[in-house]
Amino acid sequence: IREKETDAMTVPISVLPRAYCNPCYSYIIPGGLGGFGLELADWLVLRGCRKLVLSSSRGITKQYQSYRIKIWESYGVKVSINTSDISSKSGCEQLIRDALQMGPVGGIFNLAVLLRDSIFENQDVTKFVECMAPKAVATKHLDELSRILCPELQYFVIFSSVSCGRGN
């Protein structure tokens with residue numbers, strides 16, 4: 001690390017940052033069966049992930065989801081679908097424990113969202129709390145539980161719900 005880029009005592013270096021997944025680790029994606037979740041899962045698989053746990057409240061509902069999973073399985077990836085209610089601490093714990101059966105958890109990527117779009121004047125406390133549960137409440141539980149159950153965790157990433165509609 002240089003103090004200044006122009007220091008004569010340092011040699012400029014060129015680096016290309018890469019993310020790698022340990023094939024022995026499992027990777028959890030709450031919201032993993034949505035469009036963005038399937039793309040993230042593919043990105044992880046291309047970087048070495050061989051154990052995926054995709055969390056979704058409804059499970060597989062579309063042929064395209066099954067198609068993508070079959071492609072990953074043809075690469076040797078083990079894919080598990082988890083429908084635990086991640087808005088509860090017990091649901092988050094079940095999700096993590098299911099992943100631990102596949103291997104140590106190397107990453108948690110929370111994409112979960114419950115869309116109940118409405119303009120502010122039509123929003124109420126119940127809808128707001130319901131929408132916040134898979135993102136904020138689940139993140140809190142996943143954070144607390146992963147500190148205890150996932151000592152080898154390398155990635156803990158929470159995506160904004162806006163990223164699904166507008167990109168990163």
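**Note on a predicted single-chain model**

1. Lys140 has a relative accessibility of 48% and therefore counts as partly exposed; here buried means under 20% relative accessible area, exposed over 50%, and partly exposed in between, with a 1.4 Å probe and protein chains only. The side chain of Lys140 meets that of Glu144 in a salt bridge, at 3.1 Å from N to O. A salt bridge is taken as a side-chain nitrogen of Lys or Arg within 4 Å of a carboxyl oxygen of Asp or Glu. Because Glu144 and Lys140 are four residues apart in helix H4, about one helical turn separates them.

2. Residues are numbered from 1 along each chain as its sequence is written, and side-chain values use heavy atoms, with hydrogens and water left out.

3. The pLDDT, which is the predictor's confidence in each residue from 0 to 100, averages 87 for the chain, and 82% of the residues score at least 70. Helix H5 (residues 162-166) has the lowest confidence, with a mean of 53, and strand S3 (residues 78-82) has the highest, at 98.

4. The chain contains five helices and five strands. Read from the N terminus, the order of elements is β-α-β-α-β-α-β-α-β-α. Helices (H or I, at least four residues) and strands (E, at least two) are DSSP runs, numbered from the N terminus.

5. Some totals describe the chain as a whole. Of its 168 residues, 38% are buried. Among contacts with a separation of 6 or more, 72% are between residues 24 or more positions apart; a contact means heavy atoms within 4.5 Å. The chain exposes about 10400 Å², of which carbon and sulfur atoms supply 56%. Accessible areas come from the Shrake-Rupley method with a 1.4 Å probe, and for residues only the protein chains shown count as cover.

6. Glu144 also takes part in a second pairing. Its side chain forms a salt bridge with that of Lys89, at 3.5 Å from N to O. This pair links distant parts of the chain, with Glu144 in helix H4 and Lys89 in helix H3 (residues 89-102), 55 residues apart. Glu144 is partly exposed, with a relative accessible area of 29%, and Lys89 is likewise partly exposed, at 40%.

7. The whole structure holds six salt bridges. One of them joins Glu93 to Arg97, with the closest N and O atoms 3.0 Å apart. As these two residues lie four places apart in helix H3, Glu93 and Arg97 are separated by about one helical turn. Glu93 is partly exposed at 27% relative accessible area, and Arg97 is partly exposed at 39%.

8. Gly37 belongs to helix H1 (residues 35-46). With a relative accessible area of 2%, Gly37 is buried. Neighbours within four places in sequence aside, Gly37 is in contact with Ile29, Gly31, Gly32 and Leu111. The C-alpha atom of Gly37 is separated by 9.0 Å from that of Asn110, a residue 73 residues away along the chain.

9. Gln65 is placed in helix H2 (residues 63-74). Gln65 is buried, its relative accessible area being 5%. Its side chain reaches the backbone oxygen of Leu33 at 2.8 Å. Apart from neighbours within four places in sequence, the residues in contact with Gln65 are Leu33, Leu38, Gly59 and Ile60.

10. A nonpolar surface patch of about 390 Å² is made by Val125, Phe128, Val129 and Met132. Patches are made of residues with over 30% relative accessible area and no salt bridge, where like charges are joined within 9 Å and nonpolar side chains (Val, Leu, Ile, Met, Phe, Trp, Tyr) within 5 Å. Phe128 lies in helix H4 (residues 125-149) and is partly exposed, with a relative accessible area of 46%.

How values were computed
Predicted model: local features only at pLDDT ≥ 70, side-chain atom pairs only at ≥ 80, totals over all residues. Polar contact = N/O pair within 3.5 Å; in protein donor to acceptor, adjacent residues only side chain to side chain.
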